[in-house]
Amino acid sequence: DDLVLTALATLGERPSILDGSRRLRERPMEELIQALSALGATVDASHGSGFPLRAGGSPVRGGTVVLSGARSSQFASALLLAAPAFQRGLRLEVAPPRVSFSYVRMSVEILEAFGARVATEGEAGFAVPPQRLRATTLKIEGDHSSASYLFGAAAILGGRVRIRGLRADSAQPDARF
C-alpha cells in the first residue's frame, strides 16, 4: 500500500523519491504527511499533498500524535507499522469518527505476530515502544472484500460459490457479508 510505503520510506538512511500513477497522485495523503512530520520524519511533498514526494534521510524521532479517523483507517495503520523503528516509539490516538477501524486492529495483530509489544490505551489509543521485530512465518488470510462480490453474485443468481482462505473469525469488516 502506498501509505505504508510512505511511512516506511521515512525510516531510510537516505531519502527515497516515491511516485505513482496519475490515480495515485490524486490520493489524499495530508493526514499521514502531517503526522509523520509532527513525529520528526523528513517528508517533502512540495508538489502538493501526495505523490510525488521525498521521504527519509534522517531518523524519525517519534512521540505522540492524534490522527483523525474520519477519512481512512490506513493512515493509522501506516504509522503503527513503522512505529517500532521510531526512536521514541509512538503514542497514537485515533479521533472519531473512525472509518474501518477494525483494519487498525488488524495492523496491531500483524505487529504482534512479529513480536511487537503494542499497548491499547482506551478505545482508540495505542502505544508502541521502540523495538526490534522478529522474523516469523505468517499466513495471510483471504480478502473478504474481494470475496464478497462472488458471494453477492451467487446470492443474486441463485448459484453456489466456494472460496478458500477466508477466516470465519476475521476482523475484516466485510467478513460479516
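User: Which residues of helix H3 are buried?

Analyst: In this predicted model, helix H3 (residues 30-38) has Glu-31, Leu-32, Ile-33, Ala-35 and Leu-36 buried. They pack against helix H1 (2-9), strand S2 (43-44), strand S3 (53-55), strand S4 (63-68) and helix H4 (74-82). H3 is followed by Gly-40, with a positive phi near 90 degrees.

User: What makes up the largest nonpolar core?

Analyst: This core has 40 residues. Those with the most contacts inside it are Leu-36, Leu-53, Leu-79, Leu-80, Phe-86, Leu-90 and Leu-92. Two or more residues each come from H1, H3, S3, S4, H4, strand S5 (90-95), H5 and strand S7 (125-128). H4 gives the largest share, six residues.

User: Which residues does Leu-80 touch?

Analyst: Leaving out residues up to four places away in sequence, Leu-80 touches Leu-90, Leu-92, Val-104, Val-108, Leu-111, Phe-126 and Val-128.

User: Why is Ser-102 called buried?

Analyst: Its relative accessible area is 19%. Buried means under 20%, so Ser-102 is buried. Ser-102 is found in helix H5 (residues 102-113).

User: What lies 3.1 Å from a polar atom of the Ser-102 side chain?

Analyst: The backbone oxygen of Ala-171 does. The cut-off for a polar contact is 3.5 Å, and the 3.1 Å distance to Ala-171 is within it. Ser-102 also touches Gln-172 and Pro-173, not counting residues up to four places away in sequence.

User: Why is Ser-100 called partly exposed, and where is it?

Analyst: Ser-100 has 34% relative accessibility. Buried is under 20% and exposed is over 50%, so Ser-100 falls in between and counts as partly exposed. Ser-100 lies in the loop between S5 and H5.

User: Which residues make the nonpolar surface patch?

Analyst: Leu-150, Phe-151, Val-161 and Phe-177 make a patch of about 370 Å². Phe-151 is found in helix H6 (residues 144-157).

User: Why is Phe-151 called partly exposed?

Analyst: Its relative accessible area is 30%.

Key:
Residues numbered from 1 in each chain as written. Predicted model: local features only at pLDDT ≥ 70, side-chain atom pairs only at ≥ 80, totals over all residues. Heavy atoms only, no water. Patch = residues over 30% accessible without salt bridge, like charges linked within 9 Å, V, L, I, M, F, W, Y side chains within 5 Å. Areas by Shrake-Rupley, 256 points an atom, 1.4 Å probe, with all protein chains shown as cover. Salt bridge = Lys/Arg side-chain N within 4 Å of Asp/Glu carboxyl O. Helix = DSSP H or I, 4+ residues; strand = E, 2+ residues; numbered from the N terminus. Buried < 20%, exposed > 50% of the residue type's maximum accessible area, 1.4 Å probe, protein only. Polar contact = N/O pair within 3.5 Å; in protein donor to acceptor, adjacent residues only side chain to side chain. Contact = heavy atoms within 4.5 Å. Core = buried A, V, L, I, M, F, W, Y, C linked by side-chain atoms within 4.5 Å.
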